[in-house]
Amino acid sequence: MSSGSTGEGSHDFARVRRIVKTDEFSSVFRLRPTQKSAHFVLYTRLNELPHARLGVVVAKRFAPRAVTRNTIKRVTRELFRVTGLPAIDCVVRLAKPVNSKDGPATTAALKRSLRLELSRLFAAQIKLSGRQAQTVPPMQPPAALPSAATPPLTPS
């Protein structure tokens, strides 16, 4: 099997790297937004998987044309694949209109600005995750009580 179908490797976008179920989206949305930019909101939540997962929400009211919505999703997935995020669930949501029905559906300038905005969001998330890893001490198992601390019970 190729690495693209197994979900292994950092440059694929296999099903295991996607958030697809409604309850998975809801569990990430319940938390407060992690990062905001001019057009996007990034929600994140730690997951128990060895890799990050991505969900993208692009509402028709903010990007009326399917071409624009698909471009946003494609650019987001591309940046997610090449960015080394820790084991988190990310949901990127378009929060403000990127263009209208009057102008062209996509332009090189639009793609460039989307890439810049999304790459800043992901980079800030990596920086934030690195800081959290340094401040949160790793969990250690509870220490066993030494046998000398508890005297044996003797019948009197």
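1. A residue is buried here if its relative accessible area is under 20%. By that cut-off, 33% of the 156 residues in the chain are buried. Keep in mind that this is a predicted model.

2. Start with the overall layout. The chain holds four helices and four strands. Read from the N terminus, the order of elements is α-α-β-β-β-α-β-α.

3. The four strands make an open sheet, ordered β1-β2-β4-β3, with mixed pairing. β1 (35-36) and β3 (53-57) are the edge strands; each has a single partner strand, so one side of each lacks a neighbour in the sheet.

4. β3 and β4 (residues 88-94) run parallel and are joined by five bridges. Arg53 stands opposite Asp89 in β4. The path from β3 to β4 goes through α3, and this β-α-β crossover is left-handed. Val57 also has a bridge partner in β4, namely Arg93. As background, strands of a sheet pair through backbone hydrogen bonds, either parallel or antiparallel.

5. Now the connecting helix. α3 (residues 66-82) lies across β2 (40-46), β3 and β4. Its direction is at about 160 degrees to that of β3. α3 has 17 residues and reaches 25 Å from first C-alpha to last. That is close to the 24 Å expected at 1.5 Å a residue.

6. Which residues of α3 are buried? They are Thr68, Arg69, Thr71, Ile72, Val75, Thr76, Leu79 and Phe80. These residues cover an arc of only 165 degrees around the axis, which puts them on the same side of α3.

7. Ala105 sits in the loop between β4 and α4 (108-135). Is Ala105 buried or exposed? Its relative accessibility is 15%, so Ala105 counts as buried, the cut-off being under 20%.

8. What does Ala105 touch, leaving aside its neighbours within four places in sequence? Ala105 is in contact with Arg65, Val67, Thr68, Asn99 and Leu110. Thr68 is also one of the buried residues of α3. The C-alpha atoms of Ala105 and Ala66 are separated by 8.5 Å, although these two residues are 39 apart along the chain.

Methods. Residues numbered from 1 in each chain as written. Predicted model: local features only at pLDDT ≥ 70, side-chain atom pairs only at ≥ 80, totals over all residues. Heavy atoms only, no water. Pairing = 2+ DSSP bridges. Helix = DSSP H or I, 4+ residues; strand = E, 2+ residues; numbered from the N terminus. Contact = heavy atoms within 4.5 Å. Axes fitted to C-alpha atoms, helices over the stretch in contact; angles between N-to-C directions. Right-handed = clockwise from strand over helix to strand, strands pointing away. Expected span 1.5 Å × (residues − 1). Buried < 20%, exposed > 50% of the residue type's maximum accessible area, 1.4 Å probe, protein only. Arc of directions from axis to C-beta.
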